[in-house]
Amino acid sequence: MSAVESRLAELGLTLPDVVPPLAAYQPAVRSGAYVYTAGQLPMVKGSIPVTGKVGAEVSPEQAKELAATCALNALAAVKSVVGDLDRIVRVVKVVGFVASAPDFTGQPGVLNGASELLGEVLGEKGVHARSAVGVAVLPLDAPVEVEFVVEVQA
């Protein structure tokens, strides 16, 4: 087991299977030293546990937990390309989309779920730049979607 997966286990987490694509794309692709993930939804065993808009049907706290699930799914996508998460040099960029009620402005707090998970699992390698974007709707009525750019060892 890799050091990263051992750390996940210490936190009581398990790396999930890669979420199959919903359309014509790959979950992750590598270009040189970088892996780019597709947007990852908070899928758990084939379904999204909570759907709707954050600030309406979904609380910010629930959405933050779902963002952490998206991050786990993105790590699984990275592993599918590089084989071993210990090859991560650093997470360069995280982009998160939050399906938001019209008056909801707490997108950064929601995306902290993904950012905090990366810090807990990867330490300094998990420190990244980030964008948190509010949107009207996401695929499958998901409350949140997260994508990564990760630098990996050659």
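**Helices and core of a predicted model**

User: Is the crossing of H2 and H3 left-handed or right-handed?

Analyst: The residues that meet include Ala67, Leu72 and Leu75 of H2, and on H3 they include Val110, Leu111 and Ala114. By class, the contact has 12 nonpolar, three polar and two charged residues. The crossing of the two helices is right-handed.

User: Which element supplies the largest share of the largest nonpolar core?

Analyst: That core has 39 residues, and Leu75, Ile88 and Val110 are among those with the most contacts inside it. Helix H1 (3–10), helix H2 (60–82), strand E3 (88–99), helix H3 (107–122) and strand E5 (144–152) each supply at least two of its residues. The largest share, 13 residues, comes from H2.

User: Which residues does Val146 touch, not counting residues up to four places away in sequence?

Analyst: Val146 is one of the residues with the most contacts inside the largest core. Leaving out residues up to four places away in sequence, Val146 touches Ala38, Gly39, Gln40, Ala67, Cys70, Val94, Val95, Gly96, Leu111 and Ala114.

User: How many residues are in the other core, apart from the largest one?

Analyst: Val19, Ala99, Leu138 and Ala142 are among its members. This separate core has seven residues.

Key. Residues are numbered from 1 along each chain as its sequence is written. This is a predicted model: local features need pLDDT of at least 70, side-chain atom pairs count only at pLDDT 80 or more; totals for chains, interfaces and linings use all residues. Side-chain values use heavy atoms; hydrogens and water are left out. A nonpolar core is a set of buried Ala, Val, Leu, Ile, Met, Phe, Trp, Tyr and Cys residues joined through side-chain atoms within 4.5 Å. Buried means under 20% relative accessible area, exposed over 50%, partly exposed in between (1.4 Å probe, protein chains only). Helices (H or I, at least four residues) and strands (E, at least two) are DSSP runs, numbered from the N terminus. Contact means heavy atoms within 4.5 Å. A crossing is left-handed if the near helix is turned anticlockwise from the far one by less than a right angle, and right-handed if clockwise. Ala, Val, Leu, Ile, Met, Phe, Trp, Tyr, Cys and Pro count as nonpolar, Asp, Glu, Lys and Arg as charged, and the others, Gly among them, as polar.
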